[in-house]
Amino acid sequence: MLNSITEYCTACGACNNICPNKCITMIADDEGFLYPNIDEDQCTNCNLCKQVCPVLNKSVCKNELSPMVYAAWSLDNEVRFDSTSGGIFTELANYVILQGGYVVGARYNSSHLVEHYIISDMEEICLLRQSKYVQSEIGFVLKDIKELLDNEELVMFVGTPCEGAGLLSFLNKDYDNLLLCDFICRGSNSPKAYLKYLDSIKKKYNSKIKKVWFKNKKDGWNKFCTKIEFENGSEYYADRYTDLYMRGYLKYNLYMRPSCSNCSFKGFPRNSDLTLGDFWGVKLNDESIDTDRGTSLVIINSQKGKKYFENIDDQIFKQENAIDKAISFNQCGIDSVMKGNKRNYFFEKIDSMDFEELMTSIINTGLVKG
Ligand SMILES: Cc1cc2nc3c(=O)[nH]c(=O)nc-3n(C[C@H](O)[C@H](O)[C@H](O)COP(=O)(O)OP(=O)(O)OC[C@H]3O[C@@H](n4cnc5c(N)ncnc54)[C@H](O)[C@@H]3O)c2cc1C
């Protein structure tokens, strides 16, 4: 039973993209998450916004294939190093663009926030590469994707499982020219919490930020290091145990979107064509396979996904694997992450305290166990 919109809305953007009267605006709440706001004066009660919601109207999985699972990585060492897992996203994007197609994924904008963006030029793949651990704003990109698809252009979309579900629901039609990739998703963090974190670090380094790079692999893939480059040439570098933002995300579950703790899009098979992820635990059967440089988990959900994955065969190493093994090290593929017990405290204090001060108070005073 879903009570309030904050419990289920994922901000997939299907409702504001479909509204024929353009009367839905996405507005941030006190925690910094976007929710649809309806201008009642303009609304004609057509109900399309409710009918398109992929959470309120869960679709049946149409994929007939039992998921096929691979451990894989790009043979291009630079691509592999620059990517969050094994660089399979970049190889697929290269292929799609070489076919004259478009790729839609998440990039940082000039305010350091994240938004979905369409590219058709190889040079721009680097903007979409790498996981950004903050919720991406979908904006009106779904309408642009539909226009491209209706014009018979090839489009590859990458996003969280809820964003993919929002796109499918908005399109409401099968397109052979759409390649839908989602990933195993721990959850989407609050843009407000992320900006507070950046503000706190900026103050220390007394400089503007040039680039944020989560899960940088300089010291290996398993360390989850965050690297921030500043305009004054200095650099911040910290692993998952010392970087306060990653601790708040991975250990204390402080600022994920409320709907992530009751995610409707877990499990397999899925409606996406391919599901990407990190193949944690891959070395258990084969020591040589995990060189700490990043291994992608690729789950093939459809014949179309199989075809596209085969198309990049010459660019990658791949090894068939078992879904049970992949998921046993990556529970986020099937289970939601629960809200941390200090999540409310975090958001009560977010406006009055510096991020570092707030996180230190949570960690040091024993307010959170762990
Ligand atoms: C918020 C988040 C949580 C994740 N949680 C897990 C997890 O629990 N377990 C796991 O195995 N993998 C998780 N992943 C996926 C993993 O980090 C890699 O993105 C994935 O394996 C693809 O890696 P790659 O090397 O092929 O390509 P990369 O170059 O790393 O590709 C990243 C792709 O993800 C898209 N992307 C980046 N940030 C966002 C965002 N904020 N919102 C939507 N799309 C985005 C980019 O556009 C790009 O297409 C998560 C990713 C994100 C963004």
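**View 1. Residues around the ligand.** Among the 34 residues around the ligand, Thr84, Ser85, Ser131, Asp278 and Asn330 come nearest, a residue being near if one of its heavy atoms lies within 4 Å. The shell divides into 13 nonpolar, 15 polar and six charged residues, where Asp, Glu, Lys and Arg count as charged, Ala, Val, Leu, Ile, Met, Phe, Trp, Tyr, Cys and Pro as nonpolar, and the others, Gly among them, as polar.

View 2. The protein covers 97% of the 900 Å² of accessible area that the ligand has on its own, as computed by the Shrake-Rupley method with a 1.4 Å probe.

**View 3. Helix H5 (88–98).** Helices here are DSSP runs of H or I with at least four residues, numbered from the N terminus. Because eight of its eleven residues are buried, H5 is largely enclosed by the rest of the structure, buried meaning under 20% relative accessible area with a 1.4 Å probe and protein chains only. These residues include Ile88, Phe89, Glu91 and Ile97, and H5 is followed by Gly100, whose phi is positive, near 90 degrees.

**Notes to all views.** Residues are numbered from 1 along each chain as its sequence is written, and side-chain values use heavy atoms, leaving out hydrogens and water. In this predicted model, local features need pLDDT of at least 70 and side-chain atom pairs count only at pLDDT 80 or more, whereas totals for chains, interfaces and linings use all residues.

Methods: Buried < 20%, exposed > 50% of the residue type's maximum accessible area, 1.4 Å probe, protein only. Helix = DSSP H or I, 4+ residues; strand = E, 2+ residues; numbered from the N terminus.
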